[in-house]
Amino acid sequence: MNPDLYPDLAATGTLAVALERVAVELAVDVNVEPDGWGASVSAVSPPPVPFRRPLSVALGAEERVFLLWGRSRGVELISGSTTDLRDVVLAAVAWGEGRSLSELHELFPFMSSDERAKAHERGPAAVVDLQWRLLREQAAGEPGFPEFGLLVEAAFAEPRLRRLSAFSSHWTLGFSASTGRSSKVEVAVVPACNGRPYRVQEFVHDGGVIGEVETADEAVSLATAHLPVGLGPAVAGPDDAL
């Protein structure tokens, strides 16, 4: 903590203690826990809605500012920054109460959410739809790598894959039965490149090769055959309590 930037916090000793004192002044009941370089703040009464982790708070290093972010099921849904500790406490309470992302932005204009976060708020089906749209846009923007585009379109045309959570990592397509970032990958496909065939594997990164084939359609067929019977549609990801 830079005492020149945070003389009030230096006087109290820690960010957590300062937040507790502000909560008392505001007459709100919160639980504040030290958390690495900052703290986490959650409402006590009413209790936080399920799956919303306490609002995280960190200190700016170059200027006096409090950085905030709220996560749910492994996904950051909202973030922002403010110079006022009262805003931090009140935003934590509103976040924990389950206010919608749009309501939070209206109440605290310094807090905002991106397109992915808003899709997660609407539910797994909205996330899956967004993921596929972004994948197809990514493929369309890479005319020099047609193998990737052929793979994306072939996978999109397969109903069992289209209802799963889909993403690209270093051009490899991964498919999961849930939308959280810590979700288990069911199968992955590496597009053909530089004379190498399409490769279907168990993990997004190297290892667990299931088979290699010559076309995108064959790769999608092999990947689909590897899926557990009855898998999907994708559900919300697991809680990220750990």
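Analyst: Happy to! Axes are lines fitted to C-alpha atoms (for helices, over the stretch in contact), and angles between N-to-C directions run from 0 to 180 degrees; helices (H or I, at least four residues) and strands (E, at least two) are DSSP runs numbered from the N terminus. The model is predicted: local features need pLDDT of at least 70 and side-chain atom pairs pLDDT 80 or more, while totals for chains, interfaces and linings use all residues. Residues are numbered from 1 along each chain as its sequence is written, and side-chain values use heavy atoms, without hydrogens and water.

User: How do helix α2 and helix α3 lie to each other: roughly parallel or roughly perpendicular?

Analyst: Helix α2 (residues 15–26) and helix α3 (residues 85–97) have axes 9 Å apart and an angle of about 75 degrees. Angles under 35 degrees count as roughly parallel, over 145 as roughly antiparallel, 65 to 115 as roughly perpendicular and the rest as oblique. Therefore α2 is, relative to α3, roughly perpendicular.

User: How many charged residues does the contact of α2 with α3 have?

Analyst: With contact meaning heavy atoms within 4.5 Å, L15, A18, L19, V22, A23 and L26 of α2 meet L85, R86, V88, V89 and L90 of α3. Ala, Val, Leu, Ile, Met, Phe, Trp, Tyr, Cys and Pro count as nonpolar, Asp, Glu, Lys and Arg as charged, and the others, Gly among them, as polar. By class, the contact has 10 nonpolar residues, no polar ones, and a charged count of one.

User: What is the angle between α5 and α6?

Analyst: Between these helices, E115, R116, A119, H120 and R122 in α5 meet A126, V127, L130, R133 and L134 in α6. The classes here are five nonpolar, one polar and four charged. The axes of α5 (residues 115–122) and α6 (residues 124–140) are 7 Å apart, and the angle is about 145 degrees.

User: Which strands stand at the edges of the six-stranded sheet?

Analyst: This open sheet has the order β1-β2-β3-β4-β5-β6 with antiparallel pairing, where two strands pair if DSSP finds at least two bridges between them. Within it, β2 (residues 38–43) and β3 (residues 55–59) share three bridges, and V41 stands opposite L55 in β3. One side is left without a neighbour in the sheet for each strand that has a single partner, so the edges are β1 (30–35) and β6 (111–112).

User: What is the bridge partner of F167 in β8?

Analyst: The five-stranded open sheet runs β7-β8-β9-β10-β11, with antiparallel pairing, and its edge strands are β7 (165–169) and β11 (209–213). β7 and β8 (residues 172–176) pair over five bridges. In β8, F167 has as its partner G174.

User: What angle does α9 make with β11?

Analyst: Another helix, α7, lies across β7, β8, β9 (185–190) and β10 (198–201), at about 20 degrees to β8. α9 touches β9, β10 and β11, and its direction makes with that of β11 an angle of about 155 degrees.

User: What radius of gyration does the chain have?

Analyst: The C-alpha atoms fill a box of roughly 65 × 35 × 30 Å along the principal axes. The radius is taken over C-alpha atoms, and the globule rule is 2.2 Å times the number of residues to the power 0.38. A compact globule of 242 residues would come near 18 Å, but the chain has 22 Å.
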